[in-house]
Amino acid sequence: MKQLGGKVAVITGAASGIGRELAAACAAQGMKLVVADVDRDGLSATKDLMPSGIAVRTAQCDVSSVEAVQRLADLAFEEFGNVHLLFNNAGVAALGPLWSATPEDWKWVLGVNLLGVANGIRSFVPRMMAAGDEGHIVNTASAAGLTAVAGSGVYCASKHAVVALSECLLKDLQLAGSPLKVNVLCPSLVKTAIADSGRHRPIHLASTNHDTAAYDLRVRAGMAASEVSAADVARMTIQAIHDDEFYVLPHPAVRLRVEERLRTIIGDHQHLQPDGLPAETDEP
Ligand SMILES: NC(=O)c1ccc[n+]([C@@H]2O[C@H](COP(=O)([O-])OP(=O)(O)OC[C@H]3O[C@@H](n4cnc5c(N)ncnc54)[C@H](O)[C@@H]3O)[C@@H](O)[C@H]2O)c1
């Protein structure tokens with residue numbers, strides 16, 4: 001999609017990190033914005049960072065709620081008439097080995113990371129299709145959606161699902177003859193607030209894996225060392241929309257890890273490579 005100026009972008013998880021930078025990148029293209037998040041103060045801060053003259057609507061929205069995402073879509077279509085870029089970006093991370101992951105870890109992470117994306121597709125895509133314009137659905141997965149990471153099993157499962165559903169969504173749209181396109185964003189570690197994503201965890205899902213300390217240290221060290229910023233990720237995502245590139249892999253090292261995994265799957269390697277602690281390039 002080449003022309004973004006004057007078009008409409010909806011971005012979830014826009015109160016912080018990659019979502020805030022996606023909002024800034026869309027604003028730089030002259031787009032109208034609907035920025036959504038559970039964090040009302042963070043949303044106001046995002047709005048204040050946007051250049052003057054850009055139409056920005058904030059919406060408090062828990063993406064794991066079917067009804068809340070439906071209300072978000074109603075608001076966006078009522079306010080701006082159509083949506084051209086839908087960024088299903090909100091996400092959270094829970095760490096620790098799989099055997100001590102709690103049922104609440106699963107419900108929280110899958111509810112936000114997987115069902116949040118599913119809710120966005122369900123509430124927005126039929127109306128985007130009916131409008132008949134060009135557009136993109138951009139799902140934020142992760143390098144953890146293309147590889148396996150020790151201590152991130154719940155998160156990896158959610159992100160592998162986002163990659164798979166994004167591939168299926170593209171095929172569904174192609175089969176339906178829709179002009180809509182899909183991108184799936186697969187960054188490795190980027191310095192954002194995701195290591196503190198428990199800050200917005202609902203109280204009824206508070207019970208968490210007790211064995212997270214070593215993994216948490218590893219993620220924070222990896223983020224501190226990351227040479228790719230959230231703004232870099234946003235810039236590469238806009239470029240991928242422009243060039244219609246389905247996979248967005250901002251970290252070059254991830255390509256090697258994907259290749260290694262695929263070689264293992266097709267039998268070139270005998271075994272999955274073990275992860276050590278601390279690792280250099282692991283990602284949430
Ligand atoms: N930072 C990384 O290293 C990294 C790497 C790969 C993928 N990702 C993915 O990038 C996306 C953005 O994360 P980030 O790194 O910018 O982290 P972040 O914590 O800075 O931003 C995530 C945003 O999502 C919001 N959010 C959390 N739960 C929500 C909910 N139920 N409904 C609506 N909003 C909710 C948070 O309030 C926050 O503003 C996530 O999907 C994450 O999994 C991040």
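1. Let's start with the ligand. One of its oxygen atoms lies 2.6 Å from an N or O atom in the side chain of threonine 192. Keep in mind while you look around that this is a predicted model.

2. Tyrosine 155 has a side-chain N or O atom 2.6 Å from an oxygen atom of the ligand, and for histidine 200 the corresponding distance is 3.4 Å. How much of the ligand's area does the protein bury? Taken alone, the ligand exposes 820 Å², and 98% of that is buried by the protein.

3. Now zoom out a bit. The ligand sits in the largest pocket, with 32 residues around it. Ser16, Asp37, Tyr155, Val190 and Thr192 come nearest. Helices next: α1 (17–28) and α5 (153–175) each give at least two residues to this shell.

4. What is the shell made of, by class? Count 17 nonpolar residues, ten polar ones and five charged ones around the ligand.

5. The largest share, five residues, is from α4. By class, the lining of the largest cavity has nine nonpolar residues, five polar and no charged.

How values were computed. Residues are numbered from 1 along each chain as its sequence is written. This is a predicted model: local features need pLDDT of at least 70, side-chain atom pairs count only at pLDDT 80 or more; totals for chains, interfaces and linings use all residues. Side-chain values use heavy atoms; hydrogens and water are left out. A residue is near a molecule or strand if one of its heavy atoms lies within 4 Å of it. A polar contact is a pair of N or O atoms within 3.5 Å; within protein, one must be able to donate a hydrogen and the other to accept it, and residues adjacent in sequence count only if both atoms are side-chain atoms. Accessible areas come from the Shrake-Rupley method with a 1.4 Å probe; for residues, only the protein chains shown count as cover. On a 1 Å grid over the protein atoms alone, a cavity is a set of points where a 1.4 Å probe fits but cannot get out, and a pocket is an open set with protein on both sides within 12 Å along at least five of seven lines; lining residues have an atom within 4 Å of a point. A molecule sits in a cavity or pocket if more than half of its atoms lie within 2 Å of its grid points. Helices (H or I, at least four residues) and strands (E, at least two) are DSSP runs, numbered from the N terminus. Ala, Val, Leu, Ile, Met, Phe, Trp, Tyr, Cys and Pro count as nonpolar, Asp, Glu, Lys and Arg as charged, and the others, Gly among them, as polar.
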